[in-house]
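Subject: Structure handover and notes

Hello,

Here is the structure for your files. My notes on what was found follow below.

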Amino acid sequence: MDDGVINLMVQHRPPEPIPDALLERMARWLLDRVDASGATLSVVLSDDETVQALNRQYRGVDAPTDVLSFAAADQDAVYEGADLGDLIIAVPYLARQASAQNHTFADELLLAVVHGALHLLGYDHDSAEHEEAMWALQAEALALANIRIDVPRFFEGGAPPDEREETE
């Protein structure tokens, strides 16, 4: 039996069991789908304070968020056994987000891992075109797990939310 693609570290206990087998299956599918079979990634389940400190230090944003992605190597050099990097997930933030959206924590966790892994693989949502490619793969992965989450888009009408005209 081959090794897993996810190295999971739990620093903050989630409110419900982690769907280990499904998480592994989704990550393996995603890596196969983008020709990165055999690569690995680390997922750290942490608290809001840790994620906020990392977000402040590395992105200049003094607030917690659901998931932060830290690439380990050149994203163009994905090879068998490559370490893609780390996903740091704020468990309390994710739990609040799941509750607010009427999703299970497990579904939100799977979405966060897929979204973060896509960032590690070089995908981004910094333009409408990039977002379309990233969201398409994200939707495929969620469908594989029968997760029905409609992920909001940043680029509706071709502009990120902070650049849209306010209308009344």
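Helices (H or I, at least four residues) and strands (E, at least two) are DSSP runs, numbered from the N terminus. This is a predicted model, in which local features need pLDDT of at least 70, side-chain atom pairs count only at pLDDT 80 or more, and totals for chains, interfaces and linings use all residues. Residues are numbered from 1 along each chain as its sequence is written, and side-chain values use heavy atoms, with hydrogens and water left out.

Overall layout

The protein has five helices and four strands, and from the N terminus on they run β-α-β-α-β-β-α-α-α. Of its 168 residues, 42% count as buried (buried is under 20% relative accessible area, exposed over 50%, partly exposed in between, with a 1.4 Å probe and protein chains only). Contact here means heavy atoms within 4.5 Å. Among contacts between residues at least 6 apart in sequence, 63% join residues at least 24 apart.

Helix α4

In α4, 15 of the 16 residues are buried, so the helix is mostly covered. The expected span of a helix is 1.5 Å times one less than its number of residues; for α4 that gives 22 Å, and its end C-alpha atoms are 22 Å apart, which agrees. Glycine 116 lies in this helix and is buried, with a relative accessible area of 0%. Leaving aside neighbours within four places in sequence, glycine 116 is in contact with Val67, Ser69 and Leu87. Its C-alpha atom is separated by 9.6 Å from that of aspartate 66, 50 residues apart along the chain. Just after α4, glycine 122 takes a positive phi of about 100°.

Nonpolar cores

A nonpolar core is a set of buried Ala, Val, Leu, Ile, Met, Phe, Trp, Tyr and Cys residues joined through side-chain atoms within 4.5 Å. The largest one has 41 residues, of which Ile6, Met26, Val43, Ile89, Leu109 and Val113 touch the most other members. Two or more residues each come from α1 (20-33), β2 (40-46), β4 (83-90), α3, α4 and α5, and α4 gives the most, with 10 residues. A second, separate core of six residues includes Val44, Leu54, Leu68 and Ala90. Isoleucine 89 has contacts, beyond four places in sequence, that include Val43, Leu94, Leu109 and Val113.

The largest pocket

A pocket is found on a 1 Å grid over the protein atoms alone, as an open set of points where a 1.4 Å probe fits, with protein on both sides within 12 Å along at least five of seven lines; lining residues have an atom within 4 Å of a point. Grid points are joined across faces, edges and corners, and a volume is the space filled by probe spheres set on the points. The largest pocket holds about 740 Å³ of space. It is lined by 29 residues, of which Thr65, Asp66, His115, His125 and Phe154 lie nearest its centre. The largest share of the lining, six residues, comes from α4.

Glutamate 131 lies in helix α5 and counts as buried, at 1% relative accessibility. Not counting residues up to four places away in sequence, glutamate 131 touches Asp124, His125, Arg153, Phe154 and Phe155. Aspartate 3, in the segment before β1 (6-10), is exposed, with a relative accessible area of 67%.

Regards
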